[in-house]
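Open the structure in your viewer and keep the sequence panel beside it. This tour goes from one selection to the next and says what is there.

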Amino acid sequence: MGKIVNFKTTHTIAEIAYLAGLIDGEGCIYIGHTKQGKYGTGYQWHSMLKITSCDEELIIWLENTFGGSKDSRYRWTSKQKFTRPVYNWQATGPMLDYILPLVQPYLIIKKKQCDVMIRYRLTSKNIGSKRLPVEINQQRLELLSELRNLNSRFHDHPLKNPSPLSP
């Protein structure tokens with residue numbers, strides 16, 4: 001397991017429901033991997049929950065209320081007329097194991113992504129830094145594919161949802 005993030009474990013229902021609303025509206029539930037090893041025979045996996053906002057006060061509230069980490073960047077607006085600060089809050093590792101089951105009942109838009117991430121996090125239990133067994137890697141690749149499919153912006157693309165009438 002990764003390093004333990006300093007996070008708080010006592011929250012009101014209102015705080016949890018508000019966090020769920022933020023996740024539904026501004027959140028990203030992400031699983032990723034990179035090849036590792038001399039010949040790229042294994043994967044280094046990472047997972048996170050990220051909320052992005054132009055309002056720093058919201059990100060500070062998230063960090064003070066739930067823990068996690070925050071950062072900021074500058075992004076160009078459309079047609080590059082001016083830049084604006086963009087703030088991020090993220091939760092990773094054991095913090096996901098705590099937060100996701102809490103917010104799951106309150107999620108609407110990202111409920112399926114949350115379910116996938118919870119199943120992914122179950123593959124992290126009792127593994128440590130050992131090389132992952134082939135079946136765990138395969139399960140993670142399937143969960144990664146499922147999450148990418150849910151996060152896709154092209155929900156109506158014909159290759160994504162082929163018509164049952166097509167050959």
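The stops below run from the whole chain to single residues.

**Before you start**

This is a predicted model, in which local features need pLDDT of at least 70 and side-chain atom pairs count only at pLDDT 80 or more, while totals for chains, interfaces and linings use all residues. Residues are numbered from 1 along each chain as its sequence is written, and side-chain values use heavy atoms, with hydrogens and water left out.

**Stop 1: the whole chain**

Colour by secondary structure. The chain has five helices and four strands, where helices (H or I, at least four residues) and strands (E, at least two) are DSSP runs, numbered from the N terminus. Along the sequence their pattern is α-β-β-α-β-β-α-α-α. Of the 167 residues, 37% count as buried; buried means under 20% relative accessible area, exposed over 50%, and partly exposed in between (1.4 Å probe, protein chains only).

**Stop 2: helix α2**

Select residues 56-66, which make up helix α2. Which residues of this helix are buried? They are Leu58, Ile59, Leu62, Thr65 and Phe66. Look down the axis of α2: the buried residues fall within an arc of 135°, so they line one face of the helix. That arc is taken from the directions from the helix axis to the C-beta atoms. In general, an α-helix has 3.6 residues a turn, so residues three or four places apart point the same way.

Now check the two ends. At the N-terminal end, aspartate 55 caps α2, with a side-chain oxygen 2.9 Å from the backbone nitrogen of glutamate 57. Just after the helix, glycine 67 has a positive phi of about 90°.

**Stop 3: an aromatic pair**

Show the side chains of tyrosine 18 and tryptophan 61. These two residues form an edge-to-face aromatic pair, 5.4 Å centre to centre with 85° between the planes. Rings of Phe, Tyr and Trp (its six-membered ring) pair if their centres lie within 6.5 Å; planes under 30 degrees apart count as stacked, over 60 as edge-to-face and the rest as tilted. Tyrosine 18 lies in helix α1 (residues 13-26) and tryptophan 61 in helix α2, so the pair ties together parts that are 43 residues apart in sequence. Tyrosine 18 is partly exposed at 45% relative accessibility, and tryptophan 61 is partly exposed at 28%.

**Stop 4: the nonpolar core**

Select Leu19, Leu62, Trp89 and Ile99. These have the most contacts inside the largest nonpolar core, which has 33 residues. A nonpolar core is a set of buried Ala, Val, Leu, Ile, Met, Phe, Trp, Tyr and Cys residues joined through side-chain atoms within 4.5 Å. The largest share of this core, six residues, comes from α3. Centre on isoleucine 99: leaving out residues up to four places away in sequence, it touches Leu19, Leu49, Phe66, Trp89 and Ala91. Contact means heavy atoms within 4.5 Å.

**Stop 5: threonine 123**

Move to the loop between α4 and α5, where threonine 123 is placed. Is threonine 123 buried or exposed? Threonine 123 is buried, with a relative accessible area of 4%. Its side chain makes a polar contact with the side chain of arginine 140 at 2.8 Å. A polar contact is a pair of N or O atoms within 3.5 Å; within protein, one must be able to donate a hydrogen and the other to accept it, and residues adjacent in sequence count only if both atoms are side-chain atoms.

**Stop 6: leucine 147**

Finish in helix α5 with leucine 147, which is buried at 2% relative accessible area. The C-alpha atoms of leucine 147 and glutamine 113 are separated by 6.0 Å, although the residues are 34 apart along the chain.
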